[in-house]
Amino acid sequence: MTGSTPAPFTADDYRARMERAARAAADAGLAGLLVAPGPDMVWLTGYTPTAVTERLTVLVLTPGHDPVLVVPTLEAPDAEHATGASALSLRDWTDGKDPYAVTAALLDHSGRFGISDNTWAMHLLGLQRTLPGTSYASLTDALPMLRAVKDAAELELLAAAGAAADATFEEIRKVPFAGRRESDVGHDLADLLRRFGHSQVDFTIVGSGPNGANPHHEVGDRVIQHGDMVVLDFGGLKDGYGSDTTRTVHVGEPTEEERTVHDIVRAAQEAGFRAVRPGVACQEVDRAARAVITDAGYGEYFIHRTGHGIGVTTHEPPYMIEGEEQPLVPGMCFSVEPGIYLPGRFGVRIEDIVTVTEDGGRRLNNTTREMVIVD
Ligand code: ZN
Ligand code: ZN
Ligand code: ZN
């Protein structure tokens, strides 16, 4: 994740995003937004510093003013090459100067600002020290839907990332599982994601047997056995946009119970997908998937939310969770990933990325959701 995003966006696209963000900030009662290097800055400007260091870099968006990027002088030439650079002005500061004073000159000294979640604490503390009259809100809390609705170009990139993840699954199902460690299969997954165009691998979960019952398990040294269920959950970034898919495979012939549990999760995933259409609250997607699992008697073993948004990161709003009343809007992209986790035994999860269309949902992952038998 270095250099400017290769996504096919123009300076006008970034200008429109920055204007939209500044308007949304004003609507939310904020005096502006302070955006640190990371996903928000990439999305708003196309700029990623080569390295994020202790030197302050911050994008300042204030309603009614042109966007300003505060950068260390030695990084200004890089920033000038970002695609969105012509839609903003640079304010550079040299070593020995106080970057917070430079930033403060751009801000309402008694305002409340939205600030990127990943801003370093030292920078927020520096701003608070310099401008004691200001206050701050997490940008994600203040504007959770800022990046949630994807445009046509973003949808194409997300679909391409999904197709690359699908190609990865089609290859991984052919490799030997029994007798190899989870970490070996995890390496295979990472290699395949890169081979199919990912520049960044975010996770390669290989949860075999009892490890599959722990949704946070990544990969370990456990040697995969004949008879194991294996949860495979993998994704990352391709051309700046995310993939994230899960399939649960079985080494050799499954038992009756393993088949039943897999069928229930598959039906739950289908029900969650079918619930997707414009105007439906996010929580309804969770309820639809959860109802299938609860009705089958496994409700206490579905121990996480049904889904999360995806875009320039692999986890972001909107969240498909009870209590989230945000209505679905065409262009939103998120996972539908119910699971059943039987402690000490095995787990099953099935996950697709889904986008909201005018009249329903469209899956960006299309490999079989039937249980695949591996060797
Ligand atoms: Zn088994
Ligand atoms: Zn996943
Ligand atoms: Zn996911």
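Figure 1. Of the 375 residues of the protein chain, 54% count as buried (under 20% relative accessible area; exposed is over 50% and partly exposed in between, with a 1.4 Å probe and protein chains only). The model is predicted, with local features needing pLDDT of at least 70 and side-chain atom pairs counting only at pLDDT 80 or more, while totals for chains, interfaces and linings use all residues; side-chain values use heavy atoms, without hydrogens or water. Residues are numbered from 1 along each chain as its sequence is written, and chains are lettered from A and ligands numbered from 1 in the order in which they are written. The C-alpha trace spans about 70 × 40 × 35 Å along its principal axes. A compact globule of 375 residues would have a radius of gyration near 21 Å, and the 22 Å of the protein chain agrees with this (taken over C-alpha atoms; the rule is 2.2 Å times the number of residues to the power 0.38). The chain holds ten helices and 18 strands (DSSP runs, numbered from the N terminus: helices are H or I with at least four residues, strands E with at least two).

**Figure 2. Helix H7 and its N-terminal cap.** Helix H7 covers residues 152-172, and its 21 residues should span 30 Å at 1.5 Å a residue; the end C-alpha atoms are 30 Å apart, in agreement (expected span: 1.5 Å times one less than the number of residues). Asp 151 caps the N-terminal end, with a side-chain oxygen 3.1 Å from the backbone nitrogen of Ala 153. The buried residues of H7 include Glu 154, Asp 166 and Thr 168, as well as Leu 155, Leu 158 and Phe 169.

**Figure 3. Strand E1 with its partners E5 and E2.** Strand E1 (residues 32-35) runs parallel to strand E5 (residues 112-115), joined by three bridges. With strand E2 (residues 58-61), E1 pairs in the antiparallel sense, also over three bridges (strands pair if DSSP finds at least two bridges between them). Leu 34 stands opposite Ile 115 in E5, and its bridge partner in E2 is Val 60. In a regular strand the side chains alternate between the two faces of the sheet. Gly 32 and Leu 34 point one way from E1, Leu 33 and Val 35 the other way, and all are buried.

**Figure 4. Site of the zinc ion (ligand 2) and the bridge to ligand 3.** Asp 244 bridges the zinc ion (ligand 2) and the zinc ion (ligand 3), which lie 3.0 Å apart. Asp 244 lies in the loop between strands E9 and E10 and Glu 351 in the loop between E15 and E16, so the pair ties together parts 107 residues apart in sequence. Both Asp 244 and Glu 351 are buried.

Technical notes
A polar contact is a pair of N or O atoms within 3.5 Å; within protein, one must be able to donate a hydrogen and the other to accept it, and residues adjacent in sequence count only if both atoms are side-chain atoms. Donors are N, O and S atoms within 2.8 Å of the metal (3.2 Å for Na, K and Ca); water is not among the atoms, so sites may look incomplete.
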